[in-house]
Amino acid sequence: MMGLMASEETRTMTPPTVRSSAAHDAGKAGGASTRAWTMRLLVLGIVLSALNLRPAITSLGALLEEVRDGLGMSGSVAGLLTSVPPLCFAVFGVMAPRLARRFGAGAVVCAGMVAVATGLLIRPYAGGTAGFLAGSALALMGIAVSNVLMPVIVKHWFPDRVGSMTGLYSMALALGTALAAAVTVPLTDSLGGSWQTGLALWAGLAVAAVLPWLPFVRGRVTPPGAGEKAAEAATGGIPAQDREETTSERASAPAEHARVEAPRLRMARSRTAWALAVFFGLQATAAYITMGWMAQIFRDAGVPAGTAGLLLAVTMVMGVPLAFVIPRLATRLPHQGPIVLALGLCGLVGYAGLYLAPAAGAWAWAVLLGIANCAFPLALTMVGMRARTGPGVAQLSAFAQSTGYLISIPGPLLVGVLYQHSGGWGLPIALMSALMIPQMVVGFLAGRDRTVEEEATR
């Protein structure tokens, strides 16, 4: 009996601190495991989303002649069609930070991927040019908000790996771009030759990209860390005090956070923000002209349609290795201007080759223009480097991308008009070459070691 009582006493007198410590350790281990899976899921979501940010455009570029014939488009209307992506990116991209504050960045990207899948599925079968444009606009709306929020997500979930994560994201983007350019024509032929089927099949890839973001829709998943930093990251790098909170949320918020406000930046006052926006716009102009028209340039030079699609794919696939190398290199340099100049020189040589010997040196020109197109991951990296804070990155990303895409709208349209009225590619290629010069100048200025907070704070 005494032994039983001693045993009972031993059990009842176990110090609560020991039990709580054990529970704490178990909870800590479980939390670490949960965070590890969360980060893996987030990386998967970033990669799959990036894969979907360009197939809507390059798959159309590979089949542009068939789409024009099927819908009865003129060269000018086709030029308008190739201008739709930057227009949508400019109009809808500016909405991304506000949507992220309201719903969370993960939820917005998830909705964006749903829009991409829906738009790609319905646009080939909508009937007529207007329906095709509407379906394209829906898909591009989803791409636009994801474009803006990706640098924000990378900055705040991976603050110590901005270069490598931007490189991974850019590699996936380049891979998706190249894949759509390379396989759309062969897949279309194998599926009966219908351009509608060839374009619609890319909706499946967008559906896959929706799934990893579903746990982030309600904003319950937060990155490692606690307090304000975790809440900031959970909303896409936008602090809790900047979100549109409900009355109950404000009432339950800690008092010390109630009156804290993030600095509001006037981007229009920042020379660095303007230089980055113009650089972004000019590189986007070159990229969308390339994606929309390069395959047609080769086809008009006598290159078979399948080979022209492969050439476009080579241009896009150059971004796979370089999009990983360039951001890492850029983050280690105090000034990114030399990289800008090197990429611009590759573009000028590539355009000269397209003018002088488009078919004879086609593979070389495709490689050089692919290198020049890596100005895009460089621009994304500089967005993360030219601002110190999460809100600063969000505001700079929205300003640079929205303003930049507005700048890029006339380029593809003007190329279509010049092509139709001149009957050749001489004038369009001259335009592309001329635009590369200011791109190099403003890119050099945007690469200087400074931040927008130094210039744009009220």
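In this predicted model, helix 17 takes in the 14 residues 319–332, which at 1.5 Å a residue should span 20 Å, and the distance of 19 Å between its end C-alpha atoms agrees with that expectation. Within helix 17, the residues G319, V320, A323, I326, P327 and A330 are buried, and because they cover an arc of only 135° around the axis, they lie on the same side of the helix. The cover over these buried residues of helix 17 includes helix 9 (162–190), helix 16 (305–317), helix 18 (337–356) and helix 20 (375–385).

The charged side chains come next. Side chains of opposite charge can pair when their charged atoms come close, and in this structure the count comes to 2 salt bridges. In one of them, E66 meets R299 with 3.4 Å from N to O, a pair that links distant parts of the chain, since E66 sits in helix 4 (residues 64–71) and R299 in helix 15 (residues 271–300), 233 residues apart. Of these two partners, E66 is partly exposed at 27% relative accessibility, whereas R299, at 17%, counts as buried. A salt bridge also joins R450 to E455, with the closest N and O atoms 3.9 Å apart; here R450 is partly exposed at 30% relative accessibility, and E455 is partly exposed as well, with a relative accessible area of 23%.

The cysteines remain to be considered, and the structure holds 0 disulfides. For C374, the closest cysteine sulfur is that of C346, and because the two sulfurs are 9.4 Å apart, they are too far from each other for a bond. C374 is buried at 1% relative accessibility, and C88 is buried with a relative accessible area of 5%.

Definitions and conventions
Residues are numbered from 1 along each chain as its sequence is written. This is a predicted model: local features need pLDDT of at least 70, side-chain atom pairs count only at pLDDT 80 or more; totals for chains, interfaces and linings use all residues. Side-chain values use heavy atoms; hydrogens and water are left out. A disulfide is a pair of cysteine sulfur atoms within 2.5 Å. Buried means under 20% relative accessible area, exposed over 50%, partly exposed in between (1.4 Å probe, protein chains only). Helices (H or I, at least four residues) and strands (E, at least two) are DSSP runs, numbered from the N terminus. The expected span of a helix is 1.5 Å times one less than its number of residues. The arc is that of the directions from the helix axis to the C-beta atoms. Contact means heavy atoms within 4.5 Å. A salt bridge is a side-chain nitrogen of Lys or Arg within 4 Å of a carboxyl oxygen of Asp or Glu.
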